Amino acid sequence: MSEFNYKQLDDIIHSRIRLAIMALLVSVESANFVFIREKVNTSDGNLSVHIRKLEDVKYVSSTKKFIDRKPVTTYRITALGRKAFEAYVKHVNELLNIQS
Amino acid sequence: MTTETIQDDLAFIKKIVEESRKNVGLSGDHLIVWGLLVSIGLMVTWANHYFQWHASEWLHWILVIGGGWLFEIIYGRTVDRKKPVLTYAEKIDGFLWLSIGITMTLLGFIGIGTHGIHPHVISPIFSTILAIGYFSSGVIYDVKWIRNLAFGWWGGAIIMFIFPGLYHLLFMAAMMVVLQTIPGFIIKKTWGEKYGVN
C-alpha cells in the first residue's frame, strides 16, 4: 500500500465553502456574487470572507460593474485556480484509491 | 481523512458542477425576433416581385437586418448583462450564432451586391447555414429536438436547390416561422420557466 501525504492537499481549497466556490467557478465562464451565494448556500458575510481568500491567492478574479445603479461583482476562475483545483481533485482521487 | 469524507467531497464537487451546467442559456427571444423579422422581410420581397411594386429591396433588407442587429445590441446591454451566470456552453453557442449572423449578413449584402452569389440561391444557402447553427446548438446543450431542427433546414435547402423559383421567398418565410419562431417560443416557455432565463 502506497503512502499518501495529506499535506499535499491545498489548504486554501480544502474548506467546504471554498471547495464549493471553486467547483462552481471551474464549471462556468463567470458567475456573480448572488448566484454563487445561492448555489453554495451560505451568507453574504461568509461568502465574502472565503472568496476574498481565493482572490488573495489569485485563484479567483473579480470584476465590478453597475447594473441599474447597483454594484454587481462577477467572479471567474484564473488559470492558476484551475490548475490548483485540478491538482486538488487529483490528490483527493489518489487518496480515495489508496484507502479503498 | 476517511474514505467517506473524501467520497462526500467528490460527490459535493460533482453536484455543484452538474447544477451549474444545468443553467441552459438558450434564449428564445433571439429566435423569435430574427424569425419574425426575416419572415416579414421575405414576404415583402415576394410581394415586391409578385405585384411588381419596384420598391428598393436593399432599403427594406437594411431595415430588417439592421433592426435585428440593433435588437442584439440592446438585448446584450440589457438582458444578457443582467444574467447571473455565463456557462461555457452559452459562451460557445453565443459566438457560434454571432459568427453565423455575420456570415449571413456578409453573404446577403456583399455576396449579392457584388454579384458573387445569385439571389435565387441565397435562401437555400442560408437554410444550410442555419442547419449548422441548430445542429451545433442542439449538441452543445444536449437537446435533441433542437439538433433535429437542422434536418428540416437541410431538407428545405435540398428542395429549394432542386426546384428554383420565386416561391423560395414564401417557402423560406414559412421555414423561418416553423423552424425558428415557433421553436423560439417553445424554448422561451421551457427554459424561461425552468431556469429563469429567457
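Predicted model: local features only at pLDDT ≥ 70, side-chain atom pairs only at ≥ 80, totals over all residues.
Residues are numbered from 1 along each chain as its sequence is written, and chains are lettered from A and ligands numbered from 1 in the order in which they are written.

Chain B has 7 helices and 1 strand, where helices (H or I, at least four residues) and strands (E, at least two) are DSSP runs numbered from the N terminus. Along the sequence these follow the pattern α-α-α-β-α-α-α-α, and the C-alpha atoms of chain B fill a box of roughly 80 × 35 × 30 Å, taken along the principal axes. Among the contacts in chain B with a separation of 6 or more, 72% are between residues 24 or more positions apart, a contact being two residues whose C-beta atoms, placed from the backbone, lie within 7 Å.

Chain A has 100 residues, of which 32% count as buried. Chain A holds 4 helices and 3 strands, in the order α-β-α-α-β-β-α. As for pLDDT, which is the predictor's confidence in each residue, from 0 to 100, chain A averages 87, with 89% of its residues scoring at least 70. Within chain A the mean is lowest in H4(A), at 85, and highest in helix H3 of chain A, residues 44-56, at 95.

How many strands form the open sheet? There are 4, in the order E2(A)-E3(A)-E1(A)-E1(B), with antiparallel pairing, and two strands are said to pair if DSSP finds at least two bridges between them. At the edges, each pairing on one side only, are strand E2 (60-67) of chain A and E1 of chain B. Neighbouring strands of this sheet are turned by 20 degrees against each other on average, direction ignored; for such angles, axes are lines fitted to C-alpha atoms, for helices over the stretch in contact, and angles run from 0 to 180 degrees between N-to-C directions.

Let us follow E1(A) on both sides. With strand E3 of chain A (residues 70-77), E1(A) runs antiparallel and is joined by 2 bridges, Ala31(A) having Tyr75(A) as its bridge partner. With strand E1 of chain B (residues 85-87), E1(A) pairs in the antiparallel sense over 3 bridges. Here Ser30(A) has Leu86(B) as its bridge partner, and Ala31(A) stands opposite Val85(B). Helix H4 of chain B, residues 88-113, lies across E1 of chain A together with E1 of chain B, at about 70 degrees to E1(B).

Which residues have the most contacts inside the largest nonpolar core? They are Ile21(A), Met22(A), Leu24(A), Leu25(A), Ala31(A) and Ile36(A), in a core of 30 residues, where such a core is a set of buried Ala, Val, Leu, Ile, Met, Phe, Trp, Tyr and Cys residues joined through C-beta atoms within 7 Å. Two or more residues come from each of H1, E1, H2, H3, E3 and H4 of chain A, and likewise from helix H1 (3-21) and E1 of chain B. The largest share, 7 residues, belongs to H1(A).

Helix H1 of chain A (residues 16-26) is itself mostly covered, with 8 of its 11 residues buried, among them Arg18(A), Leu19(A) and Met22(A). Leaving aside its neighbours within four places in sequence, Met22(A) is in contact with Ile13(A), Tyr59(A), Ile77(A), Gly81(A) and Phe85(A).

Key. Buried ≥ 20, exposed ≤ 12 C-beta atoms within 10 Å, placed from the backbone.
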